[in-house]
Amino acid sequence: MLLQSIPNETLIQILHSLSSIQDVLSLSLTSHRLHDLLSRPAQRLPILFDAAERQFGPLSSAIPIVTHNSTQPPHIPRPAPPQSLSLLKQLLHIGETANAWADLYPFIHWRGTEDDCTSRRLLTEQERYRVRRACYRTWLYDLAFHNPAFGRYTRLQPPMVRSRAALLRAWPTHQLGELLDFQAMMRTVVEVYVCPSNGTIIQRHKERYGEMPVVSLHRQGHRLLCCPNNFVRTRPARYSEAWEGWGDDVSHYYVVEDMLKLHPGQMMELYDFVVNGKGKLGMIDGVAME
């Protein structure tokens, strides 16, 4: 059947059924007729949002991140904002980060022993959907409660406890389990890749070089990132497998706990910068990085 003989309604349904925004845009470039259909204001945004839902869903969990502010408690549902290209661009940025976590999940969840590695597999679409949902809700929780209004010494005050519990009670028990699983993945990323302890560094050195002496690097050899506690640190200028770690036992525990207050977007940015050497660190909690 020729494309010219297909009614517009059928073509619109085909556009609505595509699984990603890139597929929609690519298909619209194959003919003037499809491009004209997608250019209609009444059709463009619904088609793009349907594709975004399949690619980055659930958008209902991502939209509260975009609309969050301190004037309304996070557990109170907000009316859905009207569809717009500005809203879609913000959702795409958040959704791409959530998909990056879903891509990373198999390598973090099935790591360690040989049995874990042999069990590693790709996630199904439903599993990726649950990882993204946990990412969005962790992101919202971090924005709402890991800020100057909820300081370290106020976390045990009854009003603060009630406000945190009110948000968690809005989600079913099995979805709270997904949040714990996602937080465990973030903790592993911090402990193993972003801020490894001295013991982890020494263990890696022995696995790679045997009993060769460990070279200790001075703090001046690292580039310190300008954060409130100066605990975010990149690789040294002259990288070695045996560079200084982030302490042991109690000191490393508090470093990890502080790092886990970053939301998933900031954590993924650090992971890409430290591990993959991608991108450039910009702003974390409003503090410029050098």
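A pocket here is an open set of grid points with protein on both sides within 12 Å along at least five of seven lines. In this predicted model, the second largest pocket holds about 410 Å³ of space. Its lining counts 20 residues. Closest to the pocket centre are Ser-60, Pro-64, Pro-74, Pro-77 and Leu-140. Two elements each give two or more residues to this lining: helix H5, spanning 59-67, and helix H8, spanning 125-145. H5 gives the most, with 5 residues. What is the make-up of the lining by class? There are 13 nonpolar residues, 5 polar ones and 2 charged ones.

The largest nonpolar core has 64 residues. Trp-101, Phe-182 and Met-259 have the most contacts inside this core. Helix H6, residues 85-109, supplies the largest share of the core, with 10 residues.

Which residues does Trp-101 contact, leaving aside its neighbours within four places in sequence? One of them is Phe-182, itself among the residues with the most contacts inside the core. Trp-101 also meets Val-131 and Cys-135. Further partners are Met-185, Met-186 and Val-189. Pro-264, Met-267 and Met-268 complete the set.

Gln-175 sits in H10. Is Gln-175 buried or exposed? Its relative accessible area is 11%, and buried means under 20%, so Gln-175 is buried. Beyond its neighbours within four places in sequence, Gln-175 is in contact with Arg-133 and Arg-137.

The C-alpha atom of Ala-184 is separated from that of Ile-108 by 9.5 Å. Along the chain, these two residues are 76 residues apart.

Thr-188 is the next stop in H10. Why does Thr-188 count as buried? Its relative accessible area is 19%, and the cut-off for buried is under 20%, so Thr-188 falls in the buried class. Not counting residues up to four places away in sequence, Thr-188 touches Ile-108, Arg-111 and Tyr-193.

Technical notes
Residues are numbered from 1 along each chain as its sequence is written. This is a predicted model: local features need pLDDT of at least 70, side-chain atom pairs count only at pLDDT 80 or more; totals for chains, interfaces and linings use all residues. Side-chain values use heavy atoms; hydrogens and water are left out. A nonpolar core is a set of buried Ala, Val, Leu, Ile, Met, Phe, Trp, Tyr and Cys residues joined through side-chain atoms within 4.5 Å. Buried means under 20% relative accessible area, exposed over 50%, partly exposed in between (1.4 Å probe, protein chains only). Helices (H or I, at least four residues) and strands (E, at least two) are DSSP runs, numbered from the N terminus. Contact means heavy atoms within 4.5 Å. On a 1 Å grid over the protein atoms alone, a cavity is a set of points where a 1.4 Å probe fits but cannot get out, and a pocket is an open set with protein on both sides within 12 Å along at least five of seven lines; lining residues have an atom within 4 Å of a point. Grid points are joined across faces, edges and corners, and a volume is the space filled by probe spheres set on the points. Ala, Val, Leu, Ile, Met, Phe, Trp, Tyr, Cys and Pro count as nonpolar, Asp, Glu, Lys and Arg as charged, and the others, Gly among them, as polar.
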